[in-house]
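Me: I'm new to reading protein structures. Could you walk me through one, feature by feature?

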Amino acid sequence: MNTDKNELEIIKKYEEKGYTNNYRVVDGILIDNKTKSTYKPTEIFIVAEHRFEGMSNPADMSILYIVVTEDDFKGTFLASYGGASSTEAAEFFNEIPKENVSNKENIFM
């Protein structure tokens, strides 16, 4: 749990390392907001993730995924989880194969 930094500070650190794209999930597909490329869960690699609790309400939780796509685009995806979560995003990220998930790019390791 990263309690000393907020999501935007951590996103900025990853952007400095080249993770500049960002994504959204629509109809079970990850879409790159910049290139409009689309990806299935098997075409995504999570190379780090960070969880956050809300300062005023611990139920306000989010998770920041640091991702690399099959065609080598790097970016971030910030998702709510807990009570306010998007089930569509959660389902997409749960479908990413376990072998595609690591913490090898975690800036805190």
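Me: Let's begin with charged pairs. How many salt bridges does the structure hold?

Reply: Keep in mind that this is a predicted model. The structure holds 2 salt bridges. To count as one, a side-chain nitrogen of Lys or Arg has to lie within 4 Å of a carboxyl oxygen of Asp or Glu. Glutamate 16 and lysine 12 make one of them, with their closest N and O atoms 3.5 Å apart. Glutamate 49 and arginine 51 form another, at 3.2 Å from N to O.

Me: How far apart in helix H1 are glutamate 16 and lysine 12?

Reply: Here's the general idea: an α-helix has 3.6 residues a turn, so residues three or four places apart point the same way. In this case, glutamate 16 and lysine 12 are 4 residues apart in H1, so about one helical turn separates them.

Me: And is glutamate 16 buried or exposed?

Reply: The cut-offs are under 20% relative accessible area for buried and over 50% for exposed. Glutamate 16 has 59%, so it's exposed. In the other pair, glutamate 49 is partly exposed at 26%, and arginine 51 is partly exposed too, at 35%.

Me: Which residues of helix H1 are buried?

Reply: H1 covers residues 7-16, and its buried residues are Ile10, Ile11 and Tyr14. Looking down the axis of H1, you'd find these buried residues within an arc of 100°, so they line one face of the helix. The face turned away from that buried side carries the exposed residues Leu8 and Glu16.

Me: What do the buried residues of H1 pack against?

Reply: They pack against three strands: E4 (44-53), E5 (61-69) and E6 (74-81).

Me: What's worth a look at the start of H1 and just after it?

Reply: At the start, a side-chain oxygen of asparagine 6 comes to within 2.9 Å of the backbone nitrogen of leucine 8. Just after H1, look for glycine 18, which has a positive phi of about 100°.

Me: Now the sheet. In what order do the strands come?

Reply: In general, strands of a sheet pair through backbone hydrogen bonds, either parallel or antiparallel. Here 6 strands make an open sheet with mixed pairing, and the order is E3-E2-E1-E6-E5-E4. E3 and E4 are the edge strands, each pairing on one side only. H1 packs on this sheet, and its direction makes about 155° with that of E4.

Me: How do E1 and E2 pair?

Reply: E1 (residues 21-26) and E2 (residues 29-32) are antiparallel, with 4 bridges.

Me: Which residue in E3 is the bridge partner of leucine 30?

Reply: That's tyrosine 39. E2 and E3 (residues 38-39) run antiparallel and are joined by 2 bridges. Their hairpin has 5 residues between the strands, and lysine 36 takes a positive phi near 70° there.

Me: How many bridges do E4 and E5 have?

Reply: They pair in the antiparallel sense over 9 bridges. Phenylalanine 45, for instance, has valine 68 in E5 as its bridge partner.

Me: Last one: where is asparagine 100, and what does it touch?

Reply: Asparagine 100 sits in the segment after helix H2 (87-94). It's buried, with a relative accessible area of 9%. Leaving aside residues up to four places away in sequence, asparagine 100 touches Pro41, Thr42, Ile44, Phe45 and Ile46.

Notes. Residues numbered from 1 in each chain as written. Predicted model: local features only at pLDDT ≥ 70, side-chain atom pairs only at ≥ 80, totals over all residues. Heavy atoms only, no water. Pairing = 2+ DSSP bridges. Buried < 20%, exposed > 50% of the residue type's maximum accessible area, 1.4 Å probe, protein only. Arc of directions from axis to C-beta. Contact = heavy atoms within 4.5 Å. Polar contact = N/O pair within 3.5 Å; in protein donor to acceptor, adjacent residues only side chain to side chain. Axes fitted to C-alpha atoms, helices over the stretch in contact; angles between N-to-C directions.
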